[in-house]
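Take a look at the chain shown here.

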Amino acid sequence: MSKGATHCGVSQSAASQHVQEVERRLGLPLFDRSKRPLELTPAGRLYAEFCRDVLHREEVFGLALESLKGDIAGTVRVASIYSIGLSEMSRLQDEFSTRYPASNLAVEYMRPDKIYDSVLNDSSDLGLVSYPESSRDIAAIPWRQEEMQLAVAPGHPLAARSEAYPADLNGQDYIAFDEDLSIRRELDRFLRAQGIEIRPVMHFDNIGMIKEAVALGSGVSILPARTMQAEIAQGRLVAVPLHAPELVRPVGVVHRRRKKFNRATQAFLELLGSQ
């Protein structure tokens with residue numbers, strides 16, 4: 001109830017009152033309030049399906065109406081992981097607005113799990129995530145494969161190397177991702193397969209904090225090469241290519257299945273595909 005109220009921009013009490021009014025009008029309860037968490041009653045499941053059909057028809061109607069207009073217009077709501085980068089998204093926003101001045105690209109940054117929630121509850125049209133996963137309700141579109149490289153401070157002994165081998169990581173102080181992130185699981189799998197034993201000294205939930213810890217000399221890490229460009233230009237980090245061509249970070253676009261895209265969203269997907 002709380003999430004639904006937030007999504008609709010009303011208070012939780014107002015949402016509860018609205019549900020009670022619908023129940024009075026229908027003459028049947030929509031929720032079984034004796035159970036925790038709340039469960040839909042048979043009438044509630046029928047009503048939820050009815051509402052989904054109405055929203056779907058509204059999407060179809062909006063797209064049909066839009067096709068009668070000449071210009072590509074509208075807002076594209078994008079939820080993105082932080083590591084896509086403010087600079088990259090700013091460039092995409094500028095290019096998108098230049099191509100389609102009647103359209104608007106609204107970007108919000110959040111953790112990967114929140115992106116899937118945002119797409120599912122229709123707060124976002126598209127989500128940009130690493131290691132995209134499809135499900136019964138989510139469809140994933142591959143976007144690009146990002147090379148992973150060894151991140152070290154400029155004064156680190158490995159910084160002068162033109163290439164590093166996985167074995168060079170043995171015994172190194174290592175800055176890791178949080179355990180609940182897909183990138184952590186994939187990197188752990190890679191290190192185990194190579195027989196590498198590192199010394200995890202810190203872990204963070206985002207690339208920005210990991211880069212900062214590496215730049216301060218707290219340890220090394222493995223990061224997508226394109227996410228380190230600014231720090232490399234500033235002389236704060238060195239990215240050493242790894243002799244591990246199979247180690248990449250897949251990035252993709254996720255959206256709700258059966259989602260009907262407006263022309264602006266379709267145009268943004270085409271722009272991403274051209275990058």
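Is Phe268 buried or exposed? Phe268 is buried, with a relative accessible area of 0%. Buried means under 20% relative accessible area, exposed over 50%, and partly exposed in between, with a 1.4 Å probe and protein chains only.

A word on the source. This is a predicted model, in which local features need pLDDT of at least 70 and side-chain atom pairs count only at pLDDT 80 or more, while totals for chains, interfaces and linings use all residues. Residues are numbered from 1 along each chain as its sequence is written, and side-chain values use heavy atoms, with hydrogens and water left out.

Start with the whole chain. It has 9 helices and 11 strands. These are DSSP runs numbered from the N terminus: helices (H or I) of at least four residues, strands (E) of at least two. The C-alpha trace spans about 75 × 50 × 30 Å along its principal axes. Of the 275 residues, 39% are buried. Contact means heavy atoms within 4.5 Å. Among contacts with a separation of 6 or more, 74% join residues 24 or more positions apart.

Now the rings. The structure holds 4 aromatic pairs. Rings of Phe, Tyr and Trp (its six-membered ring) pair if their centres lie within 6.5 Å; planes under 30 degrees apart count as stacked, over 60 as edge-to-face, and the rest as tilted. Tyr47 and Phe50 have ring centres 6.1 Å apart and planes at 35°, so this pair is tilted. Both sit in helix H3 (residues 42-67), 3 residues apart, or about one helical turn. Tyr47 is partly exposed at 25% relative accessible area. Phe50 is also partly exposed, at 49%.

Phe96 and Phe268 make an edge-to-face pair, with 5.8 Å between centres and 90° between planes. Phe96 lies in helix H4 (residues 86-99) and Phe268 in helix H9 (residues 263-273), so the pair ties together parts 172 residues apart in sequence. Phe96 is buried, with a relative accessible area of 1%. Phe96, Tyr100 and Phe268 form one aromatic cluster.

The charged end of Arg144 sits over the ring of Trp143, 4.2 Å from its centre. The criterion is NZ of Lys or CZ of Arg within 6 Å of the ring centre and within 35 degrees of the ring normal.

Next, the cores. A nonpolar core is a set of buried Ala, Val, Leu, Ile, Met, Phe, Trp, Tyr and Cys residues joined through side-chain atoms within 4.5 Å. The largest has 34 residues, and those with the most contacts inside it are Leu150, Phe177, Leu187, Ile222 and Leu247. The elements giving two or more residues to this core are E6, E7, H6, helix H7 (207-215), E9 and strand E10 (238-241). H7 supplies the largest share, 5 residues. Leu150 touches residues including Leu158, Leu169, Ile222 and Val240, not counting residues up to four places away in sequence. A second, separate core of 28 residues includes Val76, Leu92, Leu105 and Val254.

Which residues of H6 are buried? They are Ile183, Arg184, Leu187, Phe190 and Leu191. Seen down the helix axis, these buried residues fall within an arc of 125°, so they line one face of H6. The arc is that of the directions from the helix axis to the C-beta atoms. They pack against strands E6 (138-152), E7 (173-177), E8 (199-204), E9 (221-224) and E11 (248-256). On the other side of H6, Arg192 and Ala193 are exposed. After H6 comes Gly195, with a positive phi near 70°.

Finish with the backbone. Most residues other than glycine have a negative phi, and most peptide bonds are trans. A cis peptide bond joins Arg36 and Pro37, with omega about -5°. Pro37 lies in the loop between strand E1 (31-32) and strand E2 (39-40). Tyr131 is not a glycine, yet has a positive phi of about 50°. Tyr131 is in the loop between strand E5 (126-130) and E6, and is buried at 12% relative accessible area. Arg258 has a positive phi near 70°. Arg258 lies in the loop between E11 and H9, and is exposed at 54%.
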